Amino acid sequence: MTLVAAAGAQVAYVEREISIPWVKAAPSGLDSLLVYVDLPGKHPLVVLTHGSSRKAEEHAQMSPWSLLPQALWFARRGWVALVVVRRGYGGSGGEEDGRHAGRCPATDYAAAAEYGAEDLRIAIDYARGLPQVDGSQIVAAGVSTGGLVATALTVNPPRGLVAAINFAGGRGSKADHDVCNPGDLVSAYKDFGKRSRTPMLWLYAENDKYFWPELAQKFDAAFRSQGGLDQFVLAPAIGDDGHALFRHPDAWSATVDSFLAAQNLAPLAEPLAEPRAPNLPAPEGLSEQGLTAFHDYLLMGPHKAFAISEHHYGYATASRSLDDARKKALERCEESAKKDAEHKEKCAVVYADETRARP
């Protein structure tokens with residue numbers, strides 16, 4: 001368990017990785033992360049779930065710590081956040097939901113999403129037994145394949161589910177602006193709309209290359225045509241690919257705040273102070289951008305590493321092991337250095353988690 005102090009206030013954030021036992025996720029259960037502020041009483045629950053890389057080999061690298069910034073966004077507003085790694089991803093046991101989606105060109109996106117939704121139901125049942133959770137106020141939120149899963153959850157909502165959020169939801173992206181059988185995705189959302197009556201917020205970015213605006217709007221029209229209750233928001237373009245919108249809470253904070261308030265889901269009048277980064281010295285020679293990156297690095301959970309050369313840096317967070325984090329940090333630093341024709345340098349890891357690495 002990690003306790004993180006808040007800046008300028010006597011507030012303690014609890015960050016605790018747990019395993020949710022379930023026979024269908026045996027032997028390891030569902031790898032999950034609990035994040036909340038240590039305040040008295042019971043608090044509403046938000047269950048968060050991840051997307052799926054186009055590269056199948058990366059699914060085994062999924063860690064609940066990858067969604068720590070989003071979990072902290074909710075924790076600052078009085079929520080108990082539970083990040084759930086679905087079956088077959090990362091450290092969670094069981095069979096991956098992608099096996100139920102079929103192989104292109106034979107796709108069954110609805111079946112895969114419903115399979116993943118079962119994981120969220122189990123996690124919600126578990127969380128109801130936690131002393132800090134108010135089981136009558138539950139929200140589900142997911143990104144990409146997780147957004148489709150959150151939508152499927154509303155078809156047969158667990159007790160206490162009062163709202164859900166779909167961040168760039170979909171499945172089957174093979175390459176930029178290339179989805180296998182997009183009509184099957186539209187049909188899945190249409191089918192979900194027949195039975196879903198839980199208020200939802202859907203957010204897609206204008207420059208999403210996985211599920212671009214024209215396609216996302218077809219999802220929305222199909223869902224609503226059957227009675228689905230979603231508020232569709234097309235967010236401004238962000239970065240090189242708007243599919244990464246979920247990684248930037250500042251870009252969606254006001255929209256989600258407004259949606260939750262409209263559902264009478266605002267447990268605190270104002271967000272609590274942000275967690276304070278550990279007071280550790282930054283590596284020498286970092287640029288202003290590098291110093292910002294190091295600050296962000298310190299706020300992330302295990303396993304992580306930070307590497308530098310004289311003019312470059314690279315870091316990795318939310319890895320499956322510290323060795324993986326070191327390897328990825330070095331690779332990213334060296335990739336940056338290779339692009340610099342003037343400075344050909346070797347990189348070295350300077351921090352592993354929050355421990356200064358030996359030269």
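A residue counts as buried when its relative accessible area is under 20%. In this predicted model, His50 has a relative accessibility of 3% and is therefore buried.

His50 sits in the loop between β4 (43-49) and α1. Setting aside neighbours within four places in sequence, its contacts are Met62, Leu67, Val84, Val85, Arg86, Tyr89, Val143, Thr145 and Gly146. Thr198 is 148 residues from His50 in sequence, and their C-alpha atoms are 20 Å apart in space.

Helix α1 (residues 68-75) and helix α6 (residues 249-262) have axes that come within 12 Å and cross at roughly 40°. Angles under 35 degrees would count as roughly parallel and 65 to 115 as roughly perpendicular, so the two helices are oblique to each other. The crossing of α1 past α6 is right-handed. On the α1 side, the contact involves Gln70, Trp73 and Phe74; on the α6 side, Pro249, Trp252, Ser253, Val256, Asp257 and Leu260 take part. By type, the residues of this contact are six nonpolar, two polar and one charged.

| Core | Size | Residues named |
|---|---|---|
| Largest nonpolar core | 50 residues | Touching the most other members: Leu45, Leu82, Phe192, Trp202, Tyr204, Phe211 and Phe219 |
| Another core, apart from it | 39 residues | Among them Leu67, Trp79, Ala81 and Leu260 |

For Trp202, the contacts beyond four places in sequence are Thr151, Asn166, Tyr189, Phe219, Asp220, Phe223, Asp230, Gln231, Phe232 and Val233.

How values were computed. Residues are numbered from 1 along each chain as its sequence is written. This is a predicted model: local features need pLDDT of at least 70, side-chain atom pairs count only at pLDDT 80 or more; totals for chains, interfaces and linings use all residues. Side-chain values use heavy atoms; hydrogens and water are left out. Axes are lines fitted to C-alpha atoms, for helices over the stretch in contact, and angles run from 0 to 180 degrees between N-to-C directions. Helices (H or I, at least four residues) and strands (E, at least two) are DSSP runs, numbered from the N terminus. Angles under 35 degrees count as roughly parallel, over 145 as roughly antiparallel, 65 to 115 as roughly perpendicular and the rest as oblique. A crossing is left-handed if the near helix is turned anticlockwise from the far one by less than a right angle, and right-handed if clockwise. Contact means heavy atoms within 4.5 Å. Ala, Val, Leu, Ile, Met, Phe, Trp, Tyr, Cys and Pro count as nonpolar, Asp, Glu, Lys and Arg as charged, and the others, Gly among them, as polar. A nonpolar core is a set of buried Ala, Val, Leu, Ile, Met, Phe, Trp, Tyr and Cys residues joined through side-chain atoms within 4.5 Å. Buried means under 20% relative accessible area, exposed over 50%, partly exposed in between (1.4 Å probe, protein chains only).
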